[in-house]
Amino acid sequence: MDALMLSRLQFAVATFFHFIFVPLTLGLSILIAIMETVYVRTGDEDYRRMARFWGRLFIINFAIGVLTGITLEFQFGTNWSRYSRYVGDIFGSLLAIEATLAFFLESTFLAVWIFGWNRLSPRLHNLSIWLVALASNLSALWILIANSWMQHPVGYTIRGGRAELSDFLAIVTQPFAIQQFFHTVSGAYILAGFFVMGISAYHLLRRQHIAFFTKSFRMALIFALIFSLAEIVQGHIHGGEVAKIQPTKLAAMESHWESQTGAPMWLFLIPDEKNERNLVEWGRIPGALSMLAYHSSQALVKGLKDFPKDERPPVTLTFVAFRTMVGLGFLFALLTVVGWFKRNKLLESPGFLKVMLYAIPLPYIALQAGWIVTEVGRQPWIVYGLMKTTDAVSPIAASQVGVSLGAFILVYSLLGAAAFYLMIRYARLGPQPLPAAAGEEV
Amino acid sequence: MLGTIWFILWGVLWAVYFMLDGYDLGLGALMPFLAKNDTERRLIYRTMGPHWDGNEVWLITAGGVTFAAFPTAYAVMFSGLYSALMLILFALILRGISFAFRDAVDHPRWKSIWDWCLILGSFLPALLFGVAFANLFQGIPIGAGGIFQGGLLTLINPYGLAGGLLFLLLFTVHGSLWLAVKTEGDLQQRGAAMARRLWPWLLIMAVLFLLSTQRLTFLYDNYLAQPVLFLIPAVAVAALIMIRVFLGKAQWWKAWFASAATIVATTLFGVVGLYPDLLKSSLDPAYSLNIYNASSSPLTLKIMLVVALTFVPLVIAYQVWVHWLFKDKVREQDLGHEEAY
C-alpha cells in the first residue's frame, strides 16, 4: 500500500475512534448540567448523586475524546500536508478558533467541576459544568463549520496557488454548516439519551437504586425523544441541502444511476457498482426521491452515470451507511415514543427496559454511519469540487505511515478495551454513597 | 507587519506552552525518583490533576496557530517531523489517560501500567520537543517546493540532542519545583533536593547550548544586528541563576517563577534568532520558509488577530483564577476525598 492509502486508513481509524467518545460528551454534559441544576434548585440529593455518577462516566469519555482529538489536528499536517498548504488559510484558522474559544474553556472548567465540589458555592460549581457543556458544543460547531467548508467550499478565492479567505461570514454562516451542526449534535444528544436510558434500564431490571435510575431514565427519555423527533425533520432538510450542493453524494446515498424526472425510491435495493446498475430493486415508491430531495415529485434527480467515473464516490458503502443511519433514526423515534407512554410504569415494562439496554450500541452505529455518508460520500474530493484526496497527501514514505498506523491500531485497541472495561465497571457499580467529607454542604 | 506580529505571537504561544506543560511533563518524568509509595504517587498526580489538561490546550492552540497563520510552514514542519511528532502524540495520549484511569481500579498492576504511561509519556515529549526545536533553530533539510529531504535520523544530531537534554533538564527542574510548591513534608523536601541536584547540570547544559548555538547556528545574527535583543538570553541566564538563589532561601514559589521565566526566555531566545524564518533550510537559505512566503492572507491574519486578542487574555484570566482556586498545598487527607477523577 502507498502512503495515500495508509494515510486514509489512518485518518479513518483516528476519526472513528475519536468519534466513539465525543458524541456522548456533547449530550451527557448537558444532562449532567441539568441534573446539578435540579439539585441546586430543589436540594434533592438524588440529583446531586446523579450528576456525580454520570459524571464519572462522562470523564472517561471526555479524557479520551480530548486526547485523541490532538491526533486529528496534527494529522492534517503530518499526513495531509498538501491539503494543509492549499486550504490552511481558511481551514487552519477555523481549527485555531475552535481551540481558542472552546478547548480552553472545556478543559479548564471540567477540572474546576471535578476538583471543586467543596471549594465553590453550589451555584458556581453548577456553572462550571454548564460552561463545559457550552464549550463542548461550541467546539462541535467550529469543527463542523470547518468540515462543512470541505463539503461545500464558500467565501474563498484562488490566489497564489491556494485557496484564500475572502468572506469569513459566508463560511461561518453557510446553511450547510448550520444544518450539519444541528444534525450532528442532535444525533449526539440521542446517543447520550440512549446511553443513560440503557444503563438505567440495567439497574431497573435488577430492581436496584430504583428512584435514582427512574429519575435518570425519565430525564434522558425526554431529551432523546425531543431530539429523535427533531432529527427526522432536520435530517430531511439537511438531505435537501446535500441534494442541492453535492449531487454525486445524493446519487450514491440512493444508488441512483440514471438521471430521471419523478425519480422513485426503492424500499429494498442491492447496488451493483461494477455494472453501474442495481442488482435488485424492490418496493418502488414513485416520485419519492424527487419529492424528498427537491420537494416536487416531478423534479429531475441526476444519476451517477451523468458524472465522470472518477468523480463518483464509492456507492455501496455510502448507500448502506445512509440506509443504516436513516433506519436507526426512525427506530430511535419509535423507541422514545413508546418510552413516553411507558414513562410512569417503567418497572412494569421489563421487555421495554431490556430493549433499551440492548439499544445502547445503536446510536453509536447510526452516528458512525452518518459520518461514512458524509466523508465517503464526498470522495473522490477532499474539498468538494476543489481538491481531490489523491492530491492532498503528504510527500512522506509509506513505511513511516505504516508504522504509525500499526501503532494507532495497537494503542487505540488497548485504550478502547481499558475504557470499555472501566465504563462497564462503573455503570454496573451504580451510584456510590456520599462520603461525609468535612465542610460538606448538604 | 502582520506577519511579524503573528511570528511573535507564535513564539509566545509555544513559550507559554512549554512554561505550563513543562512542570507536569517534568514532574511526571521524575515520579519514580520522587515518590516512594502509592500515597506519594497519588499526591504527585493530585498536584497536576486540575491543571495538566488546561496546560496541554496551549499545545493544541500553538499547533492550531501554526496551521492558521503559517499554513505552509505547518505543512512542511509536521510532515517533515512525522515520526518525532507521532511519538509525542502517543506519549501525550497515554500520559493524559493515566490521569483519568489510574485510580479507577484499585489494583497494583493496573496502577503500575498507568504510572509507566505517565513516566514515559512525560519523559519522551520533554526530550523530543527539545530535539525538535533545536533542529528548527539549526535548520532542517528542506528542498525546493518545501519538500523535506531528511530521513528518520535527521533530527538526531549533536545540536538536536543538546536541545533535547536542555529541555529535559529545564522541565524536570520546573517539575521538581512544582512539587516543592504544592506539597509539604517529605515530598516537598525531595522535590527541593531534586531541583538542587539537577540545577548544576542545567547550568552546564545551558552554557553548552549557548556556545554551540554560536558555533552551529545563525541565531546570533539577529542579536548582533540588534544588540538590545541580547536582553532575552540575559534574562534567561539571570532567571536561571535566580532559581538557585530562591532554592537556597526555600522560597519555592519564587524559584518556580524564576524557572518559568527561564523556560520562556530560552524559547524566545531561539525564536527571535530565527526571525523572519519559521523553518530554516539547512540546504539553501532560498528554500527557507519565512513570514513572507509561508503566512496566511492578510485577511485571515487580521481576523485571527482579533480572535486571539479577545480570547487569549480571557483564557489567561480564567486559568490564573483556577490556579488561585487550587492554590492550597495537596495533603494526604485530600486523597480520600471525593474530589478526584
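## Interface area

Chain B and chain A bury about 6400 Å² between them, and carbon and sulfur atoms give 73% of that area. Buried area here is the accessible area (1.4 Å probe) that two parts lose on being put together, summed over both. This is a predicted model: local features need pLDDT of at least 70, side-chain atom pairs count only at pLDDT 80 or more, and totals for chains, interfaces and linings use all residues. Residues are numbered from 1 along each chain as its sequence is written, chains are lettered from A in the order in which they are written, and side-chain values use heavy atoms, with hydrogens and water left out.

Chain B puts 68 residues into the contact (heavy atoms within 4.5 Å). Chain A puts in 74 residues.

The interface of chain B and chain A holds 1 salt bridge (a side-chain nitrogen of Lys or Arg within 4 Å of a carboxyl oxygen of Asp or Glu). A:Arg119 and B:Asp328 form a salt bridge through their side chains, at 3.4 Å from N to O.

## The chain B side

Five elements of chain B each supply at least two residues of the side that touches chain A: α3 (52-69), α4 (71-80), α5 (82-101), α6 (108-138) and α12 (298-325). These helices are DSSP runs (H or I, at least four residues), numbered from the N terminus. α3(B) gives the largest share, 14 residues. By type, this side of chain B has 45 nonpolar, 17 polar and 6 charged residues. Ala, Val, Leu, Ile, Met, Phe, Trp, Tyr, Cys and Pro count as nonpolar, Asp, Glu, Lys and Arg as charged, and the others, Gly among them, as polar.

## Helix α4(B)
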